[in-house]
Amino acid sequence: VILAWVTLGDPYYAKTTLQGTRCPPDRTSDMSHGAFNSVLVNPGRIKGHPSGKQEHQEFVLFDLMQAFPAFVVQYRVTK
């Protein structure tokens, strides 16, 4: 398992699937310009999802500089 420090910046909270997206969506507010810095998907109903809902929280980064791998955790499961 790799534990990383991650900065999301100004995330876009997705309400529909964004399959195949290669960059974050553009901001639509008159107060902000440019694109969002990341995409965040919370568990729950998502339009376009094959099962109709997202089971887990998901964070999508588009810039490698937003993540820093801080620790590698190795573990063993014994019976």
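Residues are numbered from 1 along each chain as its sequence is written, and side-chain values use heavy atoms, with hydrogens and water left out. In this predicted model, local features need pLDDT of at least 70 and side-chain atom pairs count only at pLDDT 80 or more, while totals for chains, interfaces and linings use all residues.

View 1. Strands (E, at least two residues) and helices (H or I, at least four) are DSSP runs, numbered from the N terminus. Along the sequence the pattern reads β-β-β-β-β-β-β. The C-alpha atoms fill a box of roughly 55 × 35 × 20 Å along the principal axes. Of the 79 residues, 14% count as buried (under 20% relative accessible area; exposed is over 50%, and partly exposed lies in between, with a 1.4 Å probe and protein chains only).

**View 2. Ser38 sits in strand 3, residues 38–41.** Is Ser38 buried or exposed? With 0% relative accessibility, Ser38 is buried. Its neighbours, leaving out residues up to four places away in sequence, include Leu8, Tyr12, Val60 and Phe62; touching here means heavy atoms within 4.5 Å. Look also for the Ser38 side chain reaching the backbone oxygen of Leu8 at 2.8 Å.

**View 3. Arg27 and Asp10 join their side chains in a salt bridge, 2.9 Å from N to O.** The pair ties together parts 17 residues apart in sequence, because Arg27 lies in the loop between strand 2 (11–13) and strand 3, and Asp10 in the loop between strand 1 and strand 2. A salt bridge is a side-chain nitrogen of Lys or Arg within 4 Å of a carboxyl oxygen of Asp or Glu. Asp10 is partly exposed, at 31% relative accessibility.

**View 4. Lys53 and Glu55 also meet in a salt bridge, at 3.7 Å from N to O.** Lys53 is partly exposed, with a relative accessible area of 42%, while Glu55 is exposed at 58%. How many salt bridges does the count come to? The count is two.

**View 5. A nonpolar surface patch of about 910 Å² includes Val1, Trp5, Phe68 and Tyr75.** Such a patch is made of residues with over 30% relative accessible area and no salt bridge, with nonpolar side chains (Val, Leu, Ile, Met, Phe, Trp, Tyr) joined within 5 Å and, for charged patches, like charges joined within 9 Å. Strand 1 (2–6) and strand 7 (67–72) are the elements that give two or more residues to the nonpolar patch. Find Trp5 in strand 1: Trp5 is exposed, with a relative accessible area of 55%.

Note on methods: Areas by Shrake-Rupley, 256 points an atom, 1.4 Å probe, with all protein chains shown as cover. Polar contact = N/O pair within 3.5 Å; in protein donor to acceptor, adjacent residues only side chain to side chain.
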